[in-house]
Amino acid sequence: MSGPSSPRRPISRISRRGLLGYAGTTGLGAAAGAGLVVAAGGDSPAPAAPATQAPGETVSPWGSHQPGVAQHPPAVTEVVALDLLDGVDREALGRLMRVWTGDVEALTAGRGAPGDPAPWLSAPAADLTITVGVGPGALGTDRFGEGPPGFAEVPAMTHDRLEERWSGGDLCVTVAGRDGTTVAHAVRRMVADAEPFARLRWRQVGSWNGTDPEGRPQTGRNLFGQVDGSGNPRPGTELFDSTVWIREGRWAGATTMVLRRIRMDLDTWDELTRDEQERSVGRRLTDGAPLTGGEELDDLDLAAESQGRLVVPRDAHSRRSHPSLHGGRRIFRKGANYTREVDTPRGARVESGLLFASYQADLSDQFVPLQRSLDELDQLNEWTTAIGSAVFVVLPGFEDGSWLGESLLT
Ligand code: HEM
């Protein structure tokens with residue numbers, strides 16, 4: 001048995017960001033609460049933050065990677081996709097990227113975007129990150145050029161029921177932060193400033209409970225109630241870097257992102273016994289620990305048997321997606337829970353689901369085989385249906401004085 005998370009590295013060797021990302025649901029979170037959560041760039045928490053919440057961060061937008069990818073998920077995530085207008089060429093894209101770079105720098109610092117009519121809606125220490133990606137339609141000779149190796153649309157899966165309204169897009173902006181007002185404002189500025197070049201295609205909003213009531217980082221739960229993210233490679237580790245970042249060629253510093261909107265049937269899920277729910281994944285609901293024993297961040301023992309049967313069933317989600325079944329291939333997952341009202345013949349209902357984001361250096365080599373294998377066999381297919389799908393290359397990071405995509409467009 002081999003897996004990404006075994007053996008775990010001692011806390012002292014994990015970077016601060018790594019710790020924030022992978023503190024787990026229990027245990028390590030307490031260490032983070034004991035002073036490791038750093039407030040940067042502001043004397044006080046964002047005005048909207050509850051008194052018990054730990055102070056937020058002002059996340060620097062500069063660096064070799066856009067910081068939003070590895071950042072521990074804050075409460076609110078809004079993702080928008082835009083379509084480029086006809087005639088927007090490489091030169092026009094350069095203008096848009098310069099405008100967006102200025103917006104990202106100002107909004108994440110809590111200053112309001114240049115020319116912002118409502119700068120008061122920006123706040124420092126809001127854990128705000130703004131991450132820009134480009135879709136297949138923004139590539140090609142007169143735009144961003146050829147995409148990175150393996151970048152392609154996700155092939156159709158038999159369980160997919162994709163809707164146009166949640167799929168595709170030439171550009172993507174992911175805004176994440178600790179409160180909905182700051183995030184909504186940043187999204188509005190990015191979309192409004194893109195108007196001469198691109199128009200909104202879709203918008204998707206979700207939330208995540210990545211901190212406990214004392215403000216300590218935890219893994220977070222999806223709307224099935226499962227702890228979700230335990231098996232991820234942890235930011236700050238070599239495993240994370242080799243999983244996520246493109247390290248060579250003109251796209252060095254970039255990553256690829258698959259965003260799947262996955263509807264979850266909570267009504268039929270709720271009819272299962274606790275045992276059935278836990279066996280569908282192979283982890284405990286209370287704390288996310290493997291059914292084979294240990295704690296949340298421990299790897300599963302896929303060979304373990306009890307009374308002659310596998311503890312983690314053959315079609316359990318964690319077995320089917322485990323790196324040991326995929327030649328060690330991994331992805332880095334981030335989720336945001338969504339709900340929305342839908343009209344049905346029997347009246348209004350609430351639809352629930354997950355905005356499932358997967359980051360990997362090579363989309364075709366890492367994500368696609370994994371998704372295919374889950375499409376073939378995964379207990380969770382009974383209660384989950386992908387209704388949207390989109391792929392983007394998340395641009396490399398930029399330094400102070402430079403701009404998003406500069407090396408690709410000049
Ligand atoms: C609504 C849909 C989904 C739900 C509710 C879900 C839920 C979970 C849960 C509860 C776990 C165990 C905890 C953890 O390790 O994070 C898990 C693990 C995992 N899931 Fe999903 N998942 C979903 C979709 C997907 C998809 C679409 C993929 C990839 C195509 C995927 C890939 C993985 C991987 C790689 C692991 C870690 C396996 C390991 O290393 O132990 N999941 N998922």
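1. The largest nonpolar core holds 83 residues, of which Ile130, Leu171, Val173, Ala186, Leu355, Phe392 and Val393 touch the most other members. A nonpolar core here is a set of buried Ala, Val, Leu, Ile, Met, Phe, Trp, Tyr and Cys residues joined through C-beta atoms within 7 Å. A residue is buried if 20 or more other C-beta atoms lie within 10 Å of its own, exposed if 12 or fewer, and partly exposed in between, with C-beta atoms placed from the backbone. With 7 residues, α3 gives the most to this core. A second, separate core has 6 residues, including Val281, Leu300, Leu302 and Val312.

2. The model is predicted: local features need pLDDT of at least 70, side-chain atom pairs count only at pLDDT 80 or more, and totals for chains, interfaces and linings use all residues. Residues are numbered from 1 along each chain as its sequence is written.

3. Leu171, one of the core residues named above, is in contact with Ala81, Leu82, Leu84, Val134, Gly135, Ala138 and Ala198, leaving aside its neighbours within four places in sequence. Contact requires C-beta atoms, placed from the backbone, to lie within 7 Å.

4. Helix α4 (residues 180–193) has 14 residues and reaches 20 Å from its first C-alpha to its last, close to the 20 Å expected at 1.5 Å a residue; the expected span is 1.5 Å times one less than the number of residues. Helices (H or I, at least four residues) and strands (E, at least two) are DSSP runs, numbered from the N terminus. The buried residues of α4 are Thr182, Val183, His185, Ala186, Val187, Arg189 and Met190. They pack against β1 (76–84), α3 (90–109), β2 (129–134) and β3 (171–177).

5. Strand β9 (residues 347–360) pairs in the antiparallel sense with β5 (residues 255–264) over 9 bridges, where pairing requires at least two DSSP bridges. Val258 stands opposite Ser358 of β9. Strand β8 (residues 332–344) also runs antiparallel to β9, joined by 13 bridges, and a hairpin of 2 residues links β8 to β9. Leu355 in β9 is the bridge partner of Ala336.

6. The ligand is surrounded by 31 residues, the closest being Gln226, Gly231, Ile262, Ser321 and Gln371; a residue is near the ligand if its C-beta atom, placed from the backbone, lies within 6 Å of it. The elements giving two or more residues to this shell are β5, α8 (317–320), β9 and α9 (363–376).

7. In helix α7 (residues 274–281), Arg279, Ser280 and Val281 are buried, and the buried residues of α7 pack against α8.

Technical notes
Contact = placed C-beta atoms within 7 Å.
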